[in-house]
Amino acid sequence: MGKIAESELIINGDGSVFHLHIRPEALADKVILVGDPGRVELVGSFLSGIESTSSSREFHSITGYYKGTRFTVLSTGIGCDNIDIVMNELDALANIDFSTREVRPQRRSLTILRIGTCGIMQPDIPLGTYVFSKVSAGFDGLLNWYGGRDEVVMKDLEEAFMAAMDWNRYLPVPYFVEASDRLTSLFADSTVQGMTVSASGFYGPQCRVVRLPLVMPDLLERLEAFRYGDLRFTNFEMEGSAIAGLSRKLGHEGATVCLGIAHRYVKEANPDYRSLMGGLVEMCLDKLAR
């Protein structure tokens with residue numbers, strides 16, 4: 001591949017990567033991603049032996065230890081556009097020599113788990129459930145910008161979905177990506193697993209109507225009813241497809257697990273969910289530390 005130009009990978013004067021402001025030596029092999037910068041402090045409260053911290057825009061990070069295992073905790077902000085930044089810069093920290101700007105011959109694989117919140121779309125899944133995205137459906141379109149997307153997507157599922165939906169031609173083409181096999185097995189006994197829609201927004205792209213009408217007004221009902229073998233749609237969120245897709249493209253293990261805080265089927269929500277997040281965070285750290 002050769003030397004990567006300064007315009008393509010920007011390195012700050014202190015040796016940290018441009019947006020995340022993390023230096024290569026500060027990155028652990030196990031990475032927890034959270035959307036809210038404030039949630040970094042919650043996850044960080046479980047860590048000891050804090051080695052480093054950084055803060056730049058919405059990207060806040062802490063590296064420390066949980067039960068002897070080294071973790072980096074990083075906030076991403078909201079949306080797959082931010083995940084594009086996060087995933088590429090995490091991979092650069094792991095696999096590019098910043099002194100030579102060349103890809104290292106020995107590739108390093110990260111374990112990347114997003115801990116977030118979601119909206120549930122099936123009547124039998126209650127609020128407060130931990131939902132693991134076994135398959136992420138990218139309604140955001142991000143992975144379609146990268147060459148070789150068909151190498152990592154589930155083409156048969158994608159084709160079955162498009163055949164079942166009267167998909168509006170102005171919307172991005174969806175892509176379907178499986179989470180890391182190892183992480184799927186690891187969380188099988190403690191989460192509900194299914195297909196997650198990663199949306200490009202919170203309101204219209206997640207079928208919410210406040211004042212504006214929707215271009216596909218019956219999409220939520222169609223998603224609830226869609227089946228592919230034993231897979232069904234379980235929830236909405238906004239980042240998981242980019243994590244799963246770019247992890248597979250770059251050779252990392254990526255997955256998303258969320259706390260259900262809104263129920264789209266019964267029209268209920270729990271805005272005071274923050275006291276419940278500690279239990280999800282501790283469970284995830286315990287799983288990954290083992």
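Which residue of β4 does Val31 stand opposite? Val31 stands opposite Thr72. This is a predicted model, in which local features need pLDDT of at least 70 and side-chain atom pairs count only at pLDDT 80 or more, while totals for chains, interfaces and linings use all residues. Residues are numbered from 1 along each chain as its sequence is written, and side-chain values use heavy atoms, with hydrogens and water left out.

Start with the strands. Helices (H or I, at least four residues) and strands (E, at least two) are DSSP runs, numbered from the N terminus. Strand β1 covers residues 30-34. Strand β4 covers residues 69-75 and pairs with β1 in the parallel sense over five bridges. Pairing requires at least two DSSP bridges between two strands. β1 also runs parallel to strand β7 (residues 111-120), joined by four bridges. There, Lys30 has Thr111 as its bridge partner. Four of the five residues of β1 are buried, so the strand is largely enclosed by the rest of the structure. Buried means under 20% relative accessible area, exposed over 50%, and partly exposed in between (1.4 Å probe, protein chains only).

Now the helices. Helix α2 (residues 80-95) and helix α6 (residues 240-250) have axes that come within 9 Å and cross at roughly 30°. That makes α2 roughly parallel to α6. Axes are lines fitted to C-alpha atoms, for helices over the stretch in contact, with angles from 0 to 180 degrees between N-to-C directions. Roughly parallel means under 35 degrees. The crossing is right-handed, that is, the near helix is turned clockwise from the far one by less than a right angle.

Which residues meet at this crossing? From α2 come Cys80, Ile83, Asp84, Met87, Asn88 and Asp91; from α6 come Ser241, Ala242, Ile243, Leu246, Ser247 and Leu250. Contact means heavy atoms within 4.5 Å. By class, seven of these residues are nonpolar, three polar and two charged. Ala, Val, Leu, Ile, Met, Phe, Trp, Tyr, Cys and Pro count as nonpolar, Asp, Glu, Lys and Arg as charged, and the others, Gly among them, as polar. α6 is mostly covered, with eight of its eleven residues buried. Among them are Ala244 and Gly245. Just after α6, Gly251 takes a positive phi of about 90°.

Two loops deserve a look. Most residues other than glycine have a negative phi. Arg57, between β2 (48-56) and β3 (59-66), has a positive phi near 55°. Arg57 is exposed, at 62% relative accessible area. Cys207, between β10 (192-198) and α5 (219-225), has a positive phi near 65°. Cys207 counts as buried, at 10% relative accessibility.

Definitions and conventions
Parallel < 35°, antiparallel > 145°, perpendicular 65-115°, else oblique.
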